[in-house]
Amino acid sequence: KGSVAYPYKAGSAEIKAFKNLLNDLGMRVQGVDGFALNSFTDPMQFQAIFDTCGELGIKSLCICGDAPDKEKFANMFGKLCDMAAPYGFRIDLEFMAWRTIGTLEQAYELVKMADRKNGTIAVDSLHLYRSGGTAADIDKVPARFLGDIHLCDAVRTPPIDMKLIQMVREGRANLDSTSGTPKGFEGLVREAREGRLLPGDGELPLVDFMKHMPRSCAIGVEVPVPGLDSQTVLNLSYAHSVRVLEKLC
């Protein structure tokens, strides 16, 4: 809900033109993002999307969602992984504090239950810290379960009552819908969609975060900047990310 959808099909003129452009630029598509699912989602409805992702040669497809029934969600996630395997890409499960899969630990539990080699976790710096997590928590997850990095910055103080975050961490929050914004989480959702800062422009401990993530994980910068053209955003994202990464050396 609220995301832009691009209904391009495998074999279409648009996809062929896009692939030609990527080849000319010496670029490739790392991943596709933006699927909110739940325990009762039928994975087969995404077959056409998987065909398109396969043609593009992506490395990961990122989903988020809610798991009112953990076993059913794990089975659904496993089926997604099985569908992705012939195309050679992973399924990254992303956690967000306003969902039942709201923490790194909760995402890890589900990918372990699914038990697929291409089932991994997307770790977003904003979502990790806003869900009450720390960089040290990453060390508790075997590297093989860690997928893409979503890098951004933010102010130190979260726009939410931390009592709600504690309820999420304890699994006591009533967050079993993939649509709408749960009461009390409005500020957190707004920040994630509109209030992210370029890496290094905020107060999150990003260098510490990156030190705990495997060097093999691909880095995506997730910072929508309203009012700026895409090339400027790309240039700023790259320059700011390099400054953060240089501090790792």
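The model is predicted, so local features need pLDDT of at least 70 and side-chain atom pairs count only at pLDDT 80 or more, while totals for chains, interfaces and linings use all residues. Residues are numbered from 1 along each chain as its sequence is written, and side-chain values use heavy atoms, leaving out hydrogens and water.

Let's start with helix α3, residues 70–84. Helices here are DSSP runs of H or I with at least four residues, strands are runs of E with at least two, and both are numbered from the N terminus. The end C-alpha atoms of α3 are 21 Å apart, which agrees with the 21 Å that its 15 residues should span at 1.5 Å a residue; the expected span is 1.5 Å times one less than the number of residues. Among the buried residues of α3 are F73, F77 and L80, where buried means under 20% relative accessible area with a 1.4 Å probe, protein chains only. The buried residues of α3 pack against elements including β1 (31–38) and α4 (104–114), with contact meaning heavy atoms within 4.5 Å.

Next, look at S241 in helix α9 (residues 230–246). S241 counts as buried because its relative accessibility is 8%. Leaving aside neighbours within four places in sequence, S241 touches L151, P199 and V221.

Finally, two charged residues sit over rings: K112 lies over the face of Y108, at 4.3 Å from the ring centre, and R144 over that of F145, at 3.8 Å. The criterion is NZ of Lys or CZ of Arg within 6 Å of the ring centre and within 35 degrees of the ring normal.

Technical notes
Buried < 20%, exposed > 50% of the residue type's maximum accessible area, 1.4 Å probe, protein only.
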